[in-house]
Amino acid sequence: MTDVRALGFDAPRLERVAEAIGNDIAAKRYDGVALRVHRRGKLALDIVQGYAHRDRGTKLANDSVFVTFSSGKQFTATAVLKYVEKGLLQLHQPVADVIPEFAANGKRRMTLAQLLTHTSGIASLPPPLPPEHMGDLQKMVAALSQTAPESIPGSRVRYSILPGHAVMAEMVRRVDGGSRAYREILREEIFEPLKMTSTALGCPDALRPRLCPVVVRDRAPGLLNPDMLESMGQVLRDGVEIPAGGYVTTIGDFARFAEMLRNGGALDGARILSPAMIDLATRNYTGTMPNDIWDYAVDARGWPVFPAYLGLGFFLRGEGTFPTPFGALASPRTFGGVGAGSTTFFVDPEKELSFALLSTGLLEESRSTERHQRLADLVHAAIID
């Protein structure tokens with residue numbers, strides 16, 4: 001690992017990150033963490049602490065495989081933006097131009113950009129489907145096509161937990177020609193070029209022996225049902241397609257994805273996106289509208305109401321003092337993603353920094369956000385040059 005002082009870090013301050021994680025694990029707040037921080041393209045922090053499964057005494061390893069949860073949304077968003085750059089999709093395009101049956105029941109006006117910014121009005125939760133159909137992308141989209149919008153497109157930030165990204169994935173699949181499954185498109189267009197060899201949509205049999213079981217350590221009432229979250233590790237089989245968060249990855253792969261974005265859309269000779277597209281995608285398209293995913297935390301946790309700060313498929317730091325997984329000290333244009341009680345990554349372009357974290361022993365969502373913020377602030381506070 002590079003001397004962190006050469007990368008502008010105060011070494012004793014940076015050591016506080018590992019100390020904080022170790023204290024949390026010892027206190028059983030969560031079970032384990034894999035974290036990589038890069039600055040100016042060099043690895044500055046590489047932490048693997050705690051357990052893949054605390055109750056079994058199984059330690060985390062460098063190649064442990066984690067469920068991404070909603071941090072996988074940014075894999076899907078990247079695929080969408082790549083197909084915009086190919087000239088096969090357009091951001092202002094109505095979804096129904098690509099999926100004609102989606103226009104049913106008042107959804108003709110929903111656009112691709114609105115899906116990316118969670119302002120389309122599409123349902124937040126999936127429609128009732130047999131469990132065996134939840135990971136079937138075409139059956140999910142067929143069911144979603146019959147639903148009505150929950151709000152007028154563009155009128156509010158209504159966070160879509162699963163449906164929006166299923167529809168965008170199907171748009172990519174159709175304009176690609178329809179011969180490749182969406183999971184194959186992701187593998188061939190993004191994961192293989194980036195040498196993300198242990199990342200997939202669904203969980204291939206070859207990766208399952210390294211997969212960390214999903215255990216919810218903090219079962220306080222919150223946004224998502226703990227039993228549903230714990231079922232994800234078993235649901236994600238080979239061939240299952242849940243584009244909003246049904247990916248698996250390792251910390252090495254996750255960090256490579258973040259570094260690609262930090263580096264203007266390319267890494268080690270593989271270009272995924274253009275710098276112009278990353279600049280476009282990481283601007284605020286939701287103004288001062290709040291993200292309704294946090295409505296419960298305003299009352300339950302005393303959180304302030306704050307702007308959603310959503311780009312085209314990415315969360316942004318924005319400006320102000322409010323909970324953010326990217327840290328209060330991050331630059332306003334910092335962007336990234338976050339997944340249920342467990343995962344986050346961000347890129348701070350001003351600080352030339354990327355941060356990728358995967359964890360076991362899930363926290364309640366608002367407490368996980370505060371955990372991410374605390375660790376991110378420790379990293380940012382160690383930057384002195």
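Okay, Arg 156: this residue is partly exposed, with a relative accessible area of 32%. Keep in mind that we're looking at a predicted model here. What does Arg 156 pair with? The partner is Asp 292, and the two form a salt bridge, with their closest N and O atoms 3.1 Å apart. Now look at where the two sit: Arg 156 is in the loop between helix H4 (137–145) and helix H5 (163–175), while Asp 292 is in the loop between H9 and helix H10 (295–300), so this pair ties together parts that are 136 residues apart in sequence. And Asp 292, at 11% relative accessibility, counts as buried.

As a bit of background, side chains of opposite charge can pair when their charged atoms come close.

Arg 54 makes a salt bridge with Asp 31, and the closest N and O atoms are 2.8 Å apart. This pair also links distant parts of the chain: Arg 54 is in the loop between strand E2 (42–53) and E3, Asp 31 is in the loop between helix H1 (11–26) and strand E1 (32–39), and the two are 23 residues apart. Buried or exposed, then? Arg 54 counts as buried at 16% relative accessibility, and Asp 31 counts as buried at 2%.

One more bridge to show you. Arg 180 and Glu 188 meet through their side chains at 2.7 Å, N to O. Arg 180 is buried at 17% relative accessibility, whereas Glu 188 is partly exposed at 33%. These two belong to a network, where salt bridges with shared partners join Lys 82, Lys 86, Asp 176, Arg 180, Arg 187, Glu 188, Glu 189 and Glu 192.

Let's turn to the strands. E1 and E2 run antiparallel to each other and pair over 8 bridges.

Then E2 carries on to E3. Those two are antiparallel as well, pairing over 2 bridges, and Tyr 51 stands opposite Lys 59 in E3. This is a hairpin too, with 4 residues between the strands; the turn residue to look at is Gly 57, which has a positive phi of about 75 degrees.

A polar atom of the Ser 64 side chain lies 2.8 Å from the backbone nitrogen of Ala 61. Leaving out residues up to four places away in sequence, Ser 64 touches Arg 210, Cys 212, Thr 249 and Thr 250.

Last stop, Leu 280. This one sits in helix H9 (residues 275–281) and is partly exposed, with a relative accessible area of 33%. Which residues does Leu 280 touch, again not counting those up to four places away in sequence? The answer is Leu 91, Tyr 285 and Leu 312. And there's a distance to go with that: Leu 280 and Gly 311 are 31 residues apart in sequence and 8.2 Å apart in space, C-alpha to C-alpha.

Notes:
Residues are numbered from 1 along each chain as its sequence is written. This is a predicted model: local features need pLDDT of at least 70, side-chain atom pairs count only at pLDDT 80 or more; totals for chains, interfaces and linings use all residues. Side-chain values use heavy atoms; hydrogens and water are left out. A polar contact is a pair of N or O atoms within 3.5 Å; within protein, one must be able to donate a hydrogen and the other to accept it, and residues adjacent in sequence count only if both atoms are side-chain atoms. Contact means heavy atoms within 4.5 Å. Buried means under 20% relative accessible area, exposed over 50%, partly exposed in between (1.4 Å probe, protein chains only). A salt bridge is a side-chain nitrogen of Lys or Arg within 4 Å of a carboxyl oxygen of Asp or Glu. Two strands pair if DSSP finds at least two bridges between them.
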